[in-house]
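Hi,

Here is the structure I promised to pass on.

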Amino acid sequence: LEMLPSKYLDDLGSSYVSKEKLDLADISGDVIGAYSPGVIMGGQRSPGIISIAKKLANQADNGDRIIIHEVAHHLEDFVSSKDARTLVNQWRRDMKNKGESVVKQANKIRSKRKDPKTGALVGVTSEEREKLRMAYRWEGGFVEWFAEVMTDKALRDVYMEVPVYRNVLAK
C-alpha cells in the first residue's frame, strides 16, 4: 500500500472488527472482509471503508491478501471508462477460457459436500478447498475478478522486493 500514490488512498478508511460485525463469509464460513464505497453528495465524496476481521488480519497467510483485495475494490473507482471496457473484455475472455470450467468444478464440490440439513459444506478436502477458493474470482462477476487479479499482481510485486522470493520467482 505504501507504493500507491496518496491520491488513491486519501478517501479510504479502514476498520478492523470482530468477525461478528461482518456479514460476509468465505467458503469455510470465516468472515473475511468487505468494502463499502464512498458516496458523492454535494460535490464531496465520503471515504470508502474497508472492513477486515481482526482474526484474519493477523494471519500471515491471509491477512495481506485480504487487505490488498479490499483496497483493490476501492481502486476500481479510479479506472478510466476506456480502461474499464478493456478490462471487462479481458474478464469475458478469461471467463470463457477458464472461469466457466472452474465454476463448474466448484459447483460439483458444493453439491457433493453440502449437508442437506444445514447447507454447510462438510468433509471438504484441502484440494477441494483450494478449488473453491480459486472459483471465488469467477463467481463474483467482474468486480471480484478485478480485485483478485490486482491482488495477484500486487503480491507478485511485493514478493519481487524480497531477495529470497525474487531469486525463486526469477528462475
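Ala-72 sits in helix 2 (helices are DSSP runs of H or I with at least four residues, strands are E runs of at least two, and both are numbered from the N terminus). Ala-72 is buried because its relative accessibility is 2% (buried is under 20% relative accessible area, exposed is over 50%, and partly exposed lies in between, with a 1.4 Å probe and protein chains only). Its C-alpha lies 8.0 Å from that of Glu-148, although 76 residues separate Ala-72 and Glu-148 in sequence.

Before you go further: this is a predicted model, so local features need pLDDT of at least 70 and side-chain atom pairs count only at pLDDT 80 or more, while totals for chains, interfaces and linings use all residues. Residues are numbered from 1 along each chain as its sequence is written, and side-chain values use heavy atoms, with hydrogens and water left out.

Back to helix 2, which covers residues 63–75. Of its 13 residues, 12 are buried, including Gly-63, Arg-65, Glu-70 and the histidines His-69, His-73 and His-74. From first to last C-alpha, helix 2 reaches 18 Å, close to the expected 18 Å (that is 1.5 Å times one less than the number of residues).

Helix 3 is another story. A straight helix of 33 residues would span 48 Å, but helix 3 spans only 41 Å between its end C-alpha atoms. There is a bend of about 55° at Met-95 (the angle between axes fitted to the seven residues ending there and the seven starting there). Met-95 is also one of the buried residues of helix 3, and Trp-91, Gly-99 and Arg-113 are among the others.

Which way do helix 3 and helix 4 pack? The angle is about 130°, with the axes 8 Å apart (axes are lines fitted to C-alpha atoms, for helices over the stretch in contact, and angles run from 0 to 180 degrees between N-to-C directions). The two helices are therefore oblique to each other (under 35 degrees is roughly parallel, over 145 roughly antiparallel, 65 to 115 roughly perpendicular, and the rest oblique). The residues of this contact split into nine nonpolar, three polar and eight charged (Ala, Val, Leu, Ile, Met, Phe, Trp, Tyr, Cys and Pro are nonpolar, Asp, Glu, Lys and Arg charged, and the others, Gly among them, polar).

As for the whole chain, there are six helices and five strands, in the order β-β-β-β-β-α-α-α-α-α-α. Of its 171 residues, 31% count as buried.

Cheers
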